[in-house]
Amino acid sequence: AGSLLRAGDYTGRDEFAAIAQEAIAAYLRYGYDEAAGRYYGRLRVADGQPELGNRTTPYQPDDYSDPWLALFPAHDYASAFAETCLGLYRRTGRAEFEEGVRRWAGTLDRCTPANDGRGAYAEHYGRAIHFLAGASSALGDDSLRAQAQALAEEAIGHLYAGCMFRGHPGEDRYDAVDGVGYLLLALLRLETGSELDLMGFGF
């Protein structure tokens, strides 16, 4: 859906954004578990019901979408979904997309790696910080910026090695594939307040 929004921007064709909007609105309508405070990882196309438990490969999303999942490719694009909700809210101002943004912020808060002390990959921190900073700006909600700042401090605590960032806490080395660039861009956005939309960089 995020790619469709960009395609619409590049081509000037409104139908691309309309497809993205319809698809995201459907998942927002059917995909949230109020009791768990999480979005489901898989829904049945036929009726919108969650598909739970019976994964046939480890590369499918789990019962709930996980913005910190490091297994690749898990085909669980929680951060891209959250950014697309934010992009649609900015375009339309519709309440359903604002609710989606706030729910994703809540998921990030409840599932932060700080809860288990292990930290996360640089890319996951970067995506989360970027989303929360953008959500704070779009919604005028300073608590989301504070959430982004807390995640930034956590990321620095786990990943900064004095001269440079490591890709993840498990190894003391820099790997570009671990997404350090995402983290650096997000930290720059948080520090400068830049409104640069980084979806075009793969967010």
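The legends below describe close-up views of a predicted model.

**Figure 1. Confidence of the predicted model across the protein.** The mean pLDDT of the protein is 90, and 94% of the residues reach at least 70. Among the elements, strand β1 (residues 32-33) has the highest mean pLDDT, at 96. Helix α7 (residues 180-192) has the lowest, at 92. Where pLDDT is low, the predicted coordinates should not be read in detail.

**Figure 2. The largest pocket and the residues at its centre.** The volume of the largest pocket is about 490 Å³. Its lining comprises 20 residues, of which Leu69, Phe72, Glu123, His124 and Arg127 are the closest to the centre.

**Figure 3. Composition of the lining of the largest pocket.** Divided by class, this lining holds 12 nonpolar residues, five charged residues and three polar residues. Helices α3 and α5 each contribute at least two residues to the lining of the largest pocket.

**Figure 4. The largest cavity and its lining.** The count of cavities of 30 Å³ or more comes to one.

**Figure 5. Helices and residue classes around the largest cavity.** At least two lining residues come from each of α3 (78-92), α4 (95-110) and α5 (122-139). By class, the lining of the largest cavity consists of seven nonpolar residues, one polar residue and one charged residue.

Definitions and conventions
Residues numbered from 1 in each chain as written. Predicted model: local features only at pLDDT ≥ 70, side-chain atom pairs only at ≥ 80, totals over all residues. Heavy atoms only, no water. 1 Å grid on protein atoms, 1.4 Å probe; cavity = no way out; pocket = protein on both sides within 12 Å on 5 of 7 lines; lining within 4 Å. Points joined across faces, edges and corners; volume = space filled by probe spheres on them. Helix = DSSP H or I, 4+ residues; strand = E, 2+ residues; numbered from the N terminus. Nonpolar A, V, L, I, M, F, W, Y, C, P; charged D, E, K, R; others polar. pLDDT = per-residue confidence, 0-100.
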